[in-house]
Amino acid sequence: QVQLVESGGGSVQAGGSLRLSCAASGFTYSSNYMGWFRQAPGKEREGVAAIRAGGGTTYYADSVKGRFAISQDNTKNTLYLQMNSLKPEDTAMYYCAAVGGYYTYYGALKRYTYDYWGQGTQVTVSS
């Protein structure tokens, strides 16, 4: 059974940093894409960053380019999101996601590409 468990969220002042982690288990294959999404109250879930297995190609939303960095440690089956220069508008619930063995690709930052989701970790940035 596939399981994704996020950690590392919290409250921080604007300009601060956080590192989110996502521990993955239950995969019998190497997930081709893994990503981070976020959802603020009253807003749609949006893709923040994604990484493709193998070549490690990364994808970022324009709003976080230059501030966030996605990475993965395959030895630990863990996905990371380093978030720097945080802004109040980054406040949201952050979710880890992974594609299944068979998936339809709508885009690396499109939620419908992904089959598996974690429960989320809250990030709150105060001004």
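Four strands form an open sheet in the order 1-3-8-7, with antiparallel pairing; strands are DSSP runs of E of at least two residues, numbered from the N terminus, and two of them pair if DSSP finds at least two bridges between them. The edges are strand 1 (3–7) and strand 7 (68–73), each of which pairs on one side only. On average, neighbouring strands of this sheet are turned by 15° against each other, direction ignored; the axes are lines fitted to C-alpha atoms, and angles run from 0 to 180 degrees between N-to-C directions.

The model is predicted: local features need pLDDT of at least 70, side-chain atom pairs count only at pLDDT 80 or more, and totals for chains, interfaces and linings use all residues. Residues are numbered from 1 along each chain as its sequence is written, and side-chain values use heavy atoms, with hydrogens and water left out.

Within the sheet, strand 1 pairs with strand 3 (residues 18–25) in the antiparallel sense over 5 bridges. Ser7 has Ser21 of strand 3 as its bridge partner.

A search of the whole structure finds 1 disulfide, which joins Cys22 to Cys96 with an S to S distance of 2.1 Å. Distant parts of the chain are linked by this pair, since Cys22 lies in strand 3 and Cys96 in strand 9 (residues 92–98), 74 residues apart. The torsion about the S-S bond of Cys22 and Cys96 is about -75°, so the disulfide is left-handed. Cys22 and Cys96 are both buried (buried means under 20% relative accessible area, exposed over 50%, and partly exposed in between, with a 1.4 Å probe and protein chains only).

The search also finds 4 salt bridges in the whole structure, each a side-chain nitrogen of Lys or Arg within 4 Å of a carboxyl oxygen of Asp or Glu. Among them are the following.

| Glu46 | Arg38 | 2.6 Å |

Asp90 and Arg38 are both buried, Arg38 having a relative accessibility of 5%. Glu46, in contrast, is partly exposed, with a relative accessible area of 35%. Arg38, Glu46, Arg67 and Asp90 are linked in a network of salt bridges. Asp62 is exposed, with a relative accessible area of 64%.

Terms used. Disulfide = S-S within 2.5 Å.
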